[in-house]
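Have a look at the structure first, and then we will go through it piece by piece.

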Amino acid sequence: MTSSVSGYIGMFIATRANVRVTYSAATNVENKPVALQTAFNVAFRGGCVMGFFLVSLALMILTFIIMIYRNVAEGGEHYLEIFEYIAGYGLGGSTVALFCRVGGGIYTKAADVGADLVGKNDYGFKEDDPKNPAVIADNVGDNVGDIAGMGSDLFGSFAESTCAALVIAGKFIELNLGANYMFPLLISAAGIIVCIITSFFATNIMPVNEKSKIEKTLKWQLIISTILLIPTLIVLSLTCVPETLTHIDGHVYENAQVKIMVCCLSGLISGLIIGWFTDYFTSNAHGPTKHLAQACKSGAAINIIHGLALGYLSCIIPIIAIAATIYASFKLVGMYGISLAALGMLSNLSIGLAIDAYGPISDNAGGISEMSGCDDEVRKITDSLDAAGNTTAAIGKGFAIGSACLVSLALFGAF
């Protein structure tokens with residue numbers, strides 16, 4: 001239910017933000033810097049609603065479920081049994097993600113390619129011509145696949161990593177005392193606060209009044225949130241975790257505070273590395289995409305070969321980062337460390353979802369400006385927003401897959 005509601009709210013906000021971005025660009029079109037800034041702020045804030053709502057709702061409902069189960073259980077101390085039941089929360093989220101992510105993703109790509117084919121078949125249509133019926137399907141698909149689909153996918157990773165951390169925490173004697181088991185939830189809660197602070201940089205401190213600033217501002221959102229989360233996670237680890245952890249099988253982890261801190265930070269920094277390399281291989285500001293565009297001049301075959309080669313090459317560094325994180329975390333605190341690394345990677349999920357949802361909102365704003373007959377200058381403004389959105393959408397996919405690797409391993413350990 002949480003995943004379904006989050007996806008619905010995301011689409012509800014996106015469909016309203018789409019037209020408001022176009023309206024902001026159209027009403028200020030005489031003053032291009034102002035039009036660009038207001039349109040960007042609307043698109044980004046629309047994405048923020050999706051990001052903050054999803055993470056906050058997931059955290060709130062999970063906390064309520066834990067509180068209810070604790071009060072129902074005998075004496076409230078049977079954490080291992082309670083958390084094994086709560087694992088169902090993450091599994092339910094994954095069930096919805098299967099349909100939203102796969103079904104929505106296939107729908108949006110089929111609609112997108114269909115619209116492009118109609119436009120390229122010498123019917124004389126522009127990209128988002130209102131006479132092309134597939135354009136509506138394309139615009140709907142952006143909301144279904146890239147808003148609801150991505151949201152449910154990352155919600156599944158977030159819920160499962162939290163549940164896995166709680167299940168494994170139930171097997172440590174010290175984490176069954178008082179509120180120590182709440183540490184995984186504190187990571188996500190602190191992440192929401194840090195991401196709220198970070199979002200002000202995009203809309204108030206780093207105003208986007210030039211085309212060249214759009215992509216930089218969105219990239220800095222990830223960097224700033226990571227920088228602010230590093231001291232936050234250090235303080236949380238040193239103050240909210242016992243110095244020694246004793247597993248129910250008798251294994252003792254000394255200096256647990258520092259070890260857990262390293263696990264969380266390794267996941268956080270791995271996420272940044274994955275995002276940075278995804279950006280490098282997909283952004284039009286860097287060499288790979290420019291070289292691929294150059295290869296297109298030699299024909300379709302060269303383009304396909306070069307594109308596949310770049311795609312395979314782009315996976316190497318993220319895989320190394322994930323493998324290093326898994327190895328270090330497992331060595332330090334076992335499977336609990338891997339689950340905390342996954343939570344560290346998803347600690348800035350609110351801002352990651354915001355910049356991910358920004359992409360389809362900007363894309364659809366361009367379609368609306370074309371279909372409603374707006375001035376060509378309005379389309380240029382929305383296209384400049386959309387160009388940056390394509391790169392940020394790819395960064396979100398990197399986070400989703402990277403965190404899923406860690407989460408699946410942590411769930412396996414919890415099982």
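Which residues lie nearest the centre of the second largest pocket? They are Thr278, Gly311, Ser314, Cys315 and Pro318, out of 20 residues that line this pocket. Keep in mind as you read that this is a predicted model.

**The second largest pocket**

This pocket has a volume of about 390 Å³. The largest share comes from α12, which provides 6 residues. Sorted by class, the lining of the second largest pocket has 12 nonpolar, 7 polar and 1 charged residues.

**The largest pocket**

Now turn to the largest pocket, with a volume of about 460 Å³. Its lining is made of 24 residues, and those nearest its centre are Asp112, Asp142, Asp363, Asp386 and Asn390. Two or more lining residues come from each of α3, α4, α11 and α12. Here, too, α12 gives the most, with 8 residues. By class, the lining of the largest pocket has 5 nonpolar, 6 polar and 13 charged residues.

**The largest cavity**

How many cavities of 30 Å³ or more does the structure hold? There is 1. The largest cavity has a volume of about 60 Å³. Around this cavity you will find Leu154, Leu222, Met345, Leu346, Asn348, Leu349, Gly352, Leu353, Gly396 and Phe399. At least two of the lining residues come from α11 (349-371), and at least two from α12 (376-414). The largest share of the cavity lining, 3 residues, belongs to α11. The lining of the largest cavity has 7 nonpolar and 3 polar residues, with no charged ones.

| Space | Volume | Helix giving the most lining residues |
|---|---|---|
| Largest pocket | about 460 Å³ | α12, 8 residues |
| Second largest pocket | about 390 Å³ | α12, 6 residues |
| Largest cavity | about 60 Å³ | α11, 3 residues |

**How α4 packs against its neighbours**

Helix α3 (residues 79-120) packs against helix α4 (residues 134-169) at an angle of about 160°, and their axes are 6 Å apart. Because of that angle, α3 is roughly antiparallel to α4. The crossing of α3 past α4 is left-handed. In this contact there are 24 nonpolar, 12 polar and 7 charged residues.

Helix α4 also packs with α12, this time at an angle of about 30° and with the axes 9 Å apart. Is this pair roughly parallel or roughly antiparallel? The angle makes α4 roughly parallel to α12. Again the crossing is left-handed, with α4 passing α12. On the α4 side, the residues that meet α12 include Asp146, Met150, Leu154 and Ser157. Their partners in α12 include Gly396, Phe399, Ala400 and Ser403. The contact of α4 with α12 divides into 12 nonpolar, 4 polar and 4 charged residues.

**Putting the pieces together**

Some names come up in two places. Leu154, Gly396 and Phe399 are among the residues lining the largest cavity, and Leu154 in α4 and Gly396 and Phe399 in α12 are also among the residues where these helices meet. Helix α12 itself gives the most to the lining of the largest pocket and has the largest share in the second largest pocket.

Conventions
Residues are numbered from 1 along each chain as its sequence is written. This is a predicted model: local features need pLDDT of at least 70, side-chain atom pairs count only at pLDDT 80 or more; totals for chains, interfaces and linings use all residues. Side-chain values use heavy atoms; hydrogens and water are left out. Axes are lines fitted to C-alpha atoms, for helices over the stretch in contact, and angles run from 0 to 180 degrees between N-to-C directions. Helices (H or I, at least four residues) and strands (E, at least two) are DSSP runs, numbered from the N terminus. Angles under 35 degrees count as roughly parallel, over 145 as roughly antiparallel, 65 to 115 as roughly perpendicular and the rest as oblique. A crossing is left-handed if the near helix is turned anticlockwise from the far one by less than a right angle, and right-handed if clockwise. Ala, Val, Leu, Ile, Met, Phe, Trp, Tyr, Cys and Pro count as nonpolar, Asp, Glu, Lys and Arg as charged, and the others, Gly among them, as polar. On a 1 Å grid over the protein atoms alone, a cavity is a set of points where a 1.4 Å probe fits but cannot get out, and a pocket is an open set with protein on both sides within 12 Å along at least five of seven lines; lining residues have an atom within 4 Å of a point. Grid points are joined across faces, edges and corners, and a volume is the space filled by probe spheres set on the points. Contact means heavy atoms within 4.5 Å.
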